[in-house]
Amino acid sequence: MSGLELALSGFGLMLVGIFLRIPIGVAMFATGFLGTWVVLGRPSATLSQMKTLTYDTFSSYSLTIVPLFLLMGQFATKSGMSSALFNAASDWLGHRKGGVAMAAVGACAGFGAVCGSSLATASTMGHVALPEMRKRGYSDALSTGVLAAGGTLGILIPPSIILVIYAILTEQNIVKMFIGALIPGILAALGYMLTVAIYVRVKPGSGPVAERKPIKARFRTLIKVWPVVLIFVLVMGGIAADWNWFKPGVQALFTPTEGAAVGAVATGLYGIATRGLDWDGFKASILETAQSSAMIFLIIFGAQVFNSFLAFTQAPQAMAEWVSVQGFAPMTVLIAMLLCYLIFGCVMDSLSMILLTIPIFFPIIESLDFGMGAEQTAIWFGILALIVVEVGLITPPVGMNLFIINQVGRDIPISQTYRGVLPFVASDLVRVVVLVAFPGLTLWLVGVMF
């Protein structure tokens, strides 16, 4: 059996394990371990490799950013930032047709800027915004659909855990990945708001107009969200802005890991100052951060074992050579990969998709000529992959965000959520087409700042 055939067999075995509901990290580890055993021919060599691989994986300084950003998101969730964001956005937009749904999108974008997790954004904003939207007469389809879609902004608008993992896997600059995601993230939020505007005009009864708030009341609620803006500027400005104009290049105030620590501390202090974060909330945040970090690190380790198996089989290199020999146009290959992400999104979570596919897809992308530098190609492809992974989170019938929102509104039939989210899926697909056709939308800000 050739290396490529062995790799494909291992991939199929791993998918069977996932379908049998074996934890994804365990399925990847078991497949990689057994596959490496088969390739090397003896268990002793495989066990010896496990010893060094464990240290090499978890001694990476870059991985320390993950629990820190998770802790920042936990503090943001527990401290009541979500309510302040939604109330402010609702007061400013609620008097427009579909305005409260647009406010939910804006609040999701703001919360995603300090959270970094799609599922956490969807769950938190669902608890805050869904009861309010239903109370104001919004249809269940629009209410759940817009919140499921808005939740995906948590992994696109930086800081993003998935972007950090992608940058580590592909050895890219984390700060440049964050900067590259800013404009696509803003386009996503604006696209969702435009989708709401079209939706409520096609179905006028789905999004009634709310009472216009006095201008003084609107400014009072706006003042309450300044800490969110301050924390975002502090974190992103500290790691991306040039703080010393007398030296060439960007002289950041702190590294991404230090920025994550500063963000976690600032968010925790905000929660304490507003009394939204009590001692029980603090302990729960620490515990949930530890649990989420352990889950992510297990998946990362399983992926590393599986990727080591692929490296022994030389499958990624063989596939890259095969694609090169076939003479496929680079755009054809890219579109095929993006379609694979849409399919995988029906059965896998976003982190697992990135960890599983990047070691296979990225060498192929590196071997193709898209008319730009290698680093630009890596950033552009990473943002595109992230967006399509995000679409998978809201694609019926198995999009994870759909089930998160449906758990919040337990009395709402899941069919209503499916119906409501389809226009937002269409918005995402249009955005993917635009970003594929115009890479400059992703890369322009990176070029300006670096």
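In the predicted model, the elements that cover the buried residues of helix α22 include α11 (174-202), α19 (374-392) and α21 (414-437). Helix α22 spans residues 440-449, and its buried positions are Thr442, Leu443, Leu445 and Val446. These four residues lie on the same side of α22, because the arc they cover around the axis is only 155°. Such an arrangement accords with helical geometry: an α-helix has 3.6 residues a turn, so residues three or four places apart point the same way. The face of α22 turned away from the buried side carries Trp444, Gly447 and Val448, which are exposed.

Across the whole structure, 14 aromatic pairs were found. In one of these, the ring centres of Tyr166 and Phe362 are 6.4 Å apart and the ring planes stand at 90°, so the pair is classed as edge-to-face. Because Tyr166 belongs to helix α10 (residues 161-170) and Phe362 to helix α18 (residues 350-366), this pair ties together parts that are 196 residues apart in sequence. Both Tyr166 and Phe362 are buried.

Helix α18 also contributes Phe361 to a pair with Tyr341 of helix α17 (residues 330-344), a link between distant parts of the chain in which the two residues are 20 residues apart. The rings of Tyr341 and Phe361 have centres separated by 5.6 Å and planes at 90°, and the pair is therefore edge-to-face. Tyr341 and Phe361 are each buried.

Elsewhere, ring pairs join Phe29, Phe33, Trp37, Phe58, Phe297 and Phe301 into a cluster.

How values were computed
Residues numbered from 1 in each chain as written. Predicted model: local features only at pLDDT ≥ 70, side-chain atom pairs only at ≥ 80, totals over all residues. Heavy atoms only, no water. Buried < 20%, exposed > 50% of the residue type's maximum accessible area, 1.4 Å probe, protein only. Arc of directions from axis to C-beta. Contact = heavy atoms within 4.5 Å. Phe/Tyr/Trp six-rings, centres within 6.5 Å; stacked < 30°, edge-to-face > 60°.
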